[in-house]
Amino acid sequence: MLDHLTVVKHPLVQHKLTIMRDKETSTAGFRQLLREISLLLAYEVTRELDMTEKTIETPMRTMQAPTLDGKKLALISILRAGNGLLDGILELIPSARVGFVGLYRDEETLEPVEYYFKVPEDLSDRLVIAVDPMLATGNSSVAAIDKLKEAGAKNIRFLCLLAAPEGIKRMEEAHPDVPIVTAAVDEKLNEHGYIVPGLGDAGDRMFGTK
Ligand code: URA
């Protein structure tokens, strides 16, 4: 079992994150770094996968060699910023199945409302990795994981780039069974729900929409 919270302190991850935080970093630079860092984070979030052995022939002889066990894992992007993490992770795990969860916040009730949900079949038999770069209030992440559990997911991990203590607490309370992997835990949320010092709006920065 992974710890409930893993902060990936690897120097390459930390160095890339610093460049991503810098407001002078271009959209193209941000996107490229996100791709690189997501590959490194994917390495961490896939620790302790179930393994089995199979018989292979090397050029020298027969051997029993380790291989991943079970169904292909499901990678779930929480729209829209989660999409920025997909490419790098798929480079590392090309056979992963991919799903999408779209939620928006109702401005009156402030509750997350689902507008899109398309996930791979047999979620209950797969390791499910939900990805969203920013774990801020935790409201959308918790709601997305609620939906994944309703769809049958039992073995879920959550991967983000930055987390706020408030979001971690919210996730711990709602989904204590879901380990979180992140590159950093920042100081706090501001009054608008943004992580500080953070990196701004991850979606806007990766898609150049602001
Ligand atoms: N979403 C973002 O993109 N940035 C934040 O700081 C918080 C939520």
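Mentor: Let us begin with Asp 122, which is found in the loop between E6 and strand E7 (127–131). Helices (H or I, at least four residues) and strands (E, at least two) are DSSP runs, numbered from the N terminus. This is a predicted model, in which local features need pLDDT of at least 70 and side-chain atom pairs count only at pLDDT 80 or more, while totals for chains, interfaces and linings use all residues. Residues are numbered from 1 along each chain as its sequence is written, and side-chain values use heavy atoms, with hydrogens and water left out.

The phi of Asp 122 is near 55°, a positive value in a residue other than glycine. Most residues other than glycine have a negative phi, and most peptide bonds are trans. With a relative accessibility of 37%, Asp 122 counts as partly exposed; buried means under 20% relative accessible area, exposed over 50%, and partly exposed in between (1.4 Å probe, protein chains only).

Strand E6 (residues 112–118) also holds Tyr 115, whereas Tyr 104 lies in strand E5 (residues 97–105). Rings of Phe, Tyr and Trp (its six-membered ring) pair if their centres lie within 6.5 Å; planes under 30 degrees apart count as stacked, over 60 as edge-to-face and the rest as tilted. By this rule the count comes to 1 aromatic pair. Tyr 104 is partly exposed at 44% relative accessibility, and Tyr 115 is partly exposed at 46%.

A positive phi also occurs at Glu 48, where the value is near 60°. Glu 48 lies in the loop between helix H2 (27–45) and strand E2 (51–57) and is partly exposed, at 49% relative accessibility.

The backbone also has cis peptide bonds. One runs from Leu 79 to Arg 80, with omega near -5°; Arg 80 sits in the loop between strand E4 (74–78) and helix H3 (83–92). Another runs from Val 196 to Pro 197, with omega near 0°; Pro 197 is in the loop between strand E14 (195–196) and helix H6 (202–207).
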